[in-house]
Amino acid sequence: MADKLPPIRRDWVSKSLAGFLLGAVLAFAASALFNVLSADLPMSVRGQLAMWLVPPVWLGALGGVYFFASGLRAWLWLGGASALLLGLLLALRLS
Amino acid sequence: MNAFTTSGLLLCFLGCCAIYLASPNQRWLVRPLSARPGRALGGILLILGGLALGQAMQAVTAAFVFATWLMLLFSLLPYVAVLRQADGER
Amino acid sequence: MRTDFVRIYKSVHTWTGILTGMALFIAFYAGALTVFKEPLARWVAPPAEMRPVTLADAPQLIARTLAEHPDSARDFTLHLHDAEHLPARLGWQLRPADGDDHDESGVRHFAATLDEGGAVQVNEYRPSELPGFIDTLHRVVGLPFDTDPNRWVMGVVAALYALALISGVVVLLPSLVKDFFALRVGRNLKRMWLDAHNVVGIVSLPFHVVMALTAAVFAFHDGIYALQDQLLHDGKWGSAFQRPKPSAAAAQRDPAAMLTPQALVDKAMVFAPGFVPSMLQYQQVTGPRAVVRVWGKDEAAVSPRARGGFLAIDPYSGKVMSSDFLPGRQSTGNLVISSFFALHMAAFGGSAVQWMYFVLGLAGAWLFYSGNLLWVETRRRKQTREMPEAPVQRRDTRLMAAATVGVCLGCICGISLAMVGGKWLYALAGPAVDATRLLYYAAFFACIGWAFLVGAARSVVPLLWLACGLTLAIPLTSLSGALLPASGLWAHASWASLGVDLTALAGAVALAIMARVTARRIAAGRPDSVWSVPASTTAPVATANQS
């Protein structure tokens with residue numbers, strides 16, 4: 001039943017900031033991951049594709065962030081995803 | 001434009017018309033085409049149109065042209081109905 | 001979909017839409033015209049006065065031009081076809097050293113031909129600013145110059161536009177299937193504007209997603225590259241596009257030893273059947289890195305740029321140096337990148353797709369116009385039975401209605417006036433005066449001012465008729481040129497140029513229909529609306545519309 005679910009908090013400022021800031025981290029981390037994983041492509045092609053990857057991820061995060069139940073959850077989920085990606089990158093770089 | 005491009009665009013146009021006319025929201029006919037046969041006919045025409053476009057150009061280009069043409073037709077067909085309606089009222 | 005989400009995303013859609021709608025109207029209207037930038041350039045170009053040179057004589061033209069004007073050797077272009085906006089077969093440009101890449105104002109244009117005796121004749125000329133200006137309007141949402149800060153404004157608009165698309169889909173999802181294709185015209189105005197907005201928005205969503213993302217990239221790519229250079233590429237990004245150093249000792253080369261243009265064209269057509277070359281761009285032909293880019297189009301393939309793509313050939317040996325930018329012969333990675341450009345600029349499938357993009361672009365402009373009208377209609381104060389008189393409408397809806405009418409119709413009026421006025425000024429004053437920007441902004445701000453002064457209801461119909469008249473003046477100006485050549489006006493008979501006239505004629509008819517329908521709606525409209533003209537002044541406006 002819909003009315004038994006907890007209400008969705010608006011948290012405009014907190015959610016928007018999470019989408020804008022962590023979306024940027026997520027987008028650049030995703031482009032870095034792509035850059036590492038497609039090392040066999042020529043650098044000019046790889047670099048351009050990595051650049052094209054940033055706006056869709058960033059704007060996707062910024063647009064989807066209002067689906068989180070609260071601003072806190074948005075920060076936690078997006079922060080967790082960013083930390084995961086950055087950790088993966090670090091692991092790939094060290095290995 | 002070669003014959004394949006022309007026939008491909010024409011087939012897609014007919015396919016879009018069939019799908020539009022099979023929608024309960026269509027405004028061209030007094031009653032819409034029955035849904036399943038209308039959509040099936042439209043689907044077959046679209047597939048044939050897509051194949052014809054694929055003969056005329058590279059697959060990526062054909063896919064882009066196909067998508068662009070469908071977006072345009074499905075936006076305009078409801079408006080054509082409004083123009084016809086406005087003519088009828090005059 | 002939970003109603004909470006719909007409500008939240010409706011707020012997002014309303015705010016992003018209302019903030020960007022009018023800017024995006026300008027971007028899409030001017031962008032739709034920019035699809036036909038070359039026909040516009042041909043339409044507005046004055047008749048050529050330079051002697052034509054055949055392609056067979058082109059080698060002499062190249063050799064003698066290079067000998068007499070060494071500064072052309074860095075980068076010059078040989079055109080394979082005649083067109084009104086190309087004064088001569090050979091041309092080059094000199095850019096100011098410190099200028100912005102996108103800034104065309106400081107560029108000097110030269111055209112070279114051979115006279116009867118075979119001597120080089122070079123003219124410096126000023127091409128009309130019109131096609132470039134319409135392009136700029138679309139790149140930077142109506143601002144006058146394509147500079148970095150203006151592009152960032154465009155980038156922010158594009159980002160908000162992307163949010164508006166995402167949120168619009170979320171809001172529409174619950175009724176998506178039930179209302180697909182619905183366009184209910186009738187007494188319920190809000191319903192009608194909502195349908196009119198949704199049917200275009202949802203069906204052409206992929207087109208708009210592509211436009212939003214590519215526009216954001218075009219605005220911010222410098223910044224993203226700079227950051228990624230530090231984070232991803234260890235500062236080596238700049239070296240990714242450098243060509244290897246020539247092995248032989250750099251010697252001055254004799255351009256007379258180059259293959260003929262015809263031979264280069266033949267090489268390109270053998271290399272890529274289906275590729276139709278349009279021009280040869282020679283770069284650094286006297287140096288060790290001489291290269292010719294054979295530019296052209298292939299309708300069956302995706303082109304990396306608006307003007308097509310190119311095959312890079314060594315002009316001395318005829319060896320193919322790179323096919324990275326050749327339509328239809330690109331690697332998968334390059335094809336993906338080219339597709340982003342092609343999908344923004346209609347650089348695939350030939351003129352059929354250009355026409356589709358033109359109409360989709362105008363439909364996009366209509367999407368933003370209808371979105372604003374929907375915003376106004378949603379906030380209408382309705383008259384109830386108990387009210388003796390219609391309620392005063394909210395101030396914000398009155399202002400928004402006036403702004404929408406003024407900005408959108410002002411943009412249409414401005415572009416039409418700039419086209420017509422440019423031609424008349426050239427006929428009257430010659431090439432020294434180019435008032436494209438002045439004419440555009442004069443009409444644009446006059447329309448906005450008039451709309452705010454008298455309100456949306458009283459300005460919309462006269463402004464529609466003004467837009468209709470100015471657009472009709474485009475083919476009429478050409479007609480005057482054809483009938484009265486002594487006036488100094490001119491008309492070109494090529495299909496590209498005639499296409500501009502005929503399209504403007506169709507546009508004028510469409511604007512006239514809109515003016516008539518709008519006048520009828522206002523006359524028959526309800527008094528409780530920003531579109532109602534108060535009773536005391538209805539009569540004169542109504543009669544003016546009848547004429």
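Predicted model: local features only at pLDDT ≥ 70, side-chain atom pairs only at ≥ 80, totals over all residues.
**Entry 1: chain contacts.** I looked up which chains touch. Two pairs of chains are in contact, and chains A and C share the most contacts. I then checked chain A against chain B and found no contact joining them. The closest C-alpha atoms of chains A and B lie 18 Å apart. A contact needs heavy atoms within 4.5 Å.

**Entry 2: nonpolar cores.** I looked up the largest nonpolar core and noted that it has 137 residues. Among the members that touch the most others are Phe28(C), Tyr357(C), Tyr440(C) and Trp531(C). This core takes at least three residues from each of domain 1 and domain 3 of chain C. Domain 3 covers 243–345, while domain 1 is made of 3–41, 138–213, 349–382 and 391–546. I also recorded a second, separate core of 31 residues, including Val53(C), Leu90(C), Trp92(C) and Ile313(C).

**Entry 3: one core residue.** I picked Tyr440(C) and listed what it touches, leaving out residues up to four places away in sequence. The list holds Ile26(C), Phe133(C), Leu137(C), Cys411(C), Gly414(C), Ile415(C) and Ala418(C). Ile415(C) is itself one of the core members with the most contacts to other members.

**Entry 4: chain B.** I counted three helices and zero strands in chain B. Its C-alpha atoms fill a box of roughly 45 × 30 × 20 Å along the principal axes. Of its 90 residues, 46% count as buried. I took the contacts in chain B between residues at least 6 apart in sequence, and 62% of these join residues at least 24 apart. Chain B exposes about 4,800 Å², with carbon and sulfur atoms supplying 70% of that area.

Notes. Residues numbered from 1 in each chain as written. Chains lettered and ligands numbered in written order. Heavy atoms only, no water. Core = buried A, V, L, I, M, F, W, Y, C linked by side-chain atoms within 4.5 Å. Buried < 20%, exposed > 50% of the residue type's maximum accessible area, 1.4 Å probe, protein only. Domains from an automatic or database assignment. Helix = DSSP H or I, 4+ residues; strand = E, 2+ residues; numbered from the N terminus. Areas by Shrake-Rupley, 256 points an atom, 1.4 Å probe, with all protein chains shown as cover.
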